[in-house]
Amino acid sequence: MSDEKDLSSLTLTDLLLLRLRVNQAIREALTVQLAQRSTDAKAKAEVVALLASFGLKPENLIKRRRSVVAGQKLPPKYRDPANPANTWTGRGAKPRWFREALEAGTPIEAMEIREA
């Protein structure tokens, strides 16, 4: 950014000229930005057309990796000592029974489900 000036020392004429210069600079910056977007859009269209000529779609180029556990039901890690039917996998928000047990002083280790 350029040097900042104390605008209160400028005359009305100077302020109006400054505003004109600022507006011109804004117009020029917008013109450059729009030209760049137009160039980007043309390049994108050319790439999409080239892919189509090979029978491909842009989404074919992006390989989305899913988590190994995405969509799988996870086994519970914690069990409510007061009611063994209440379990929690340790993912997402803590269930009420878990929060209440912690507030009551139950250590997390006491609620962990240990593998047999």
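The structure is a predicted model. Its largest nonpolar core has six residues, and the structure holds four aromatic pairs. A nonpolar patch on the surface has about 540 Å² of accessible area together.

**Core and aromatic cluster**
- The six residues of the largest nonpolar core are Tyr-78, Trp-88, Trp-97, Phe-98, Ala-101 and Met-111.
- Helix 3 (residues 96–103) gives the largest share of this core, three residues.
- Tyr-78, Trp-88, Trp-97 and Phe-98 are also linked into a cluster by ring pairs.
- In soluble globular proteins, nonpolar side chains tend to be buried together.

**Contacts of Met-111**
- Not counting residues up to four places away in sequence, Met-111 touches the core members Tyr-78, Trp-97, Phe-98 and Ala-101.

**Arg-79**
- Arg-79 is found in strand 1, which spans 78–79.
- Because its relative accessibility is 35%, Arg-79 counts as partly exposed.
- Leaving aside neighbours within four places in sequence, Arg-79 is in contact with Pro-84, Asn-86, Thr-87, Trp-97, Met-111 and Ile-113.
- The C-alpha atoms of Arg-79 and Asp-14 are separated by 75 Å, with the two residues 65 apart along the chain.

**Asn-86**
- Asn-86 lies in the loop that runs between strand 1 (78–79) and strand 2 (87–88).
- With a relative accessible area of 26%, Asn-86 is partly exposed.
- Tyr-78, Arg-79, Asp-80 and Trp-97 are touched by Asn-86, not counting residues up to four places away in sequence.
- Asn-86 and Phe-54 are 32 residues apart in sequence, and their C-alpha atoms are 55 Å apart in space.

**Surface patch**
- The nonpolar patch on the surface is formed by Leu-50, Phe-54, Leu-56, Leu-61 and Ile-62.
- Leu-61, one of the patch residues, is found in helix 2 (residues 58–61).
- Leu-61 counts as exposed because its relative accessibility is 57%, and the cut-off for exposed is over 50%.

Technical notes. Residues numbered from 1 in each chain as written. Predicted model: local features only at pLDDT ≥ 70, side-chain atom pairs only at ≥ 80, totals over all residues. Heavy atoms only, no water. Patch = residues over 30% accessible without salt bridge, like charges linked within 9 Å, V, L, I, M, F, W, Y side chains within 5 Å. Areas by Shrake-Rupley, 256 points an atom, 1.4 Å probe, with all protein chains shown as cover. Salt bridge = Lys/Arg side-chain N within 4 Å of Asp/Glu carboxyl O. Helix = DSSP H or I, 4+ residues; strand = E, 2+ residues; numbered from the N terminus. Buried < 20%, exposed > 50% of the residue type's maximum accessible area, 1.4 Å probe, protein only. Phe/Tyr/Trp six-rings, centres within 6.5 Å; stacked < 30°, edge-to-face > 60°. Core = buried A, V, L, I, M, F, W, Y, C linked by side-chain atoms within 4.5 Å. Contact = heavy atoms within 4.5 Å.
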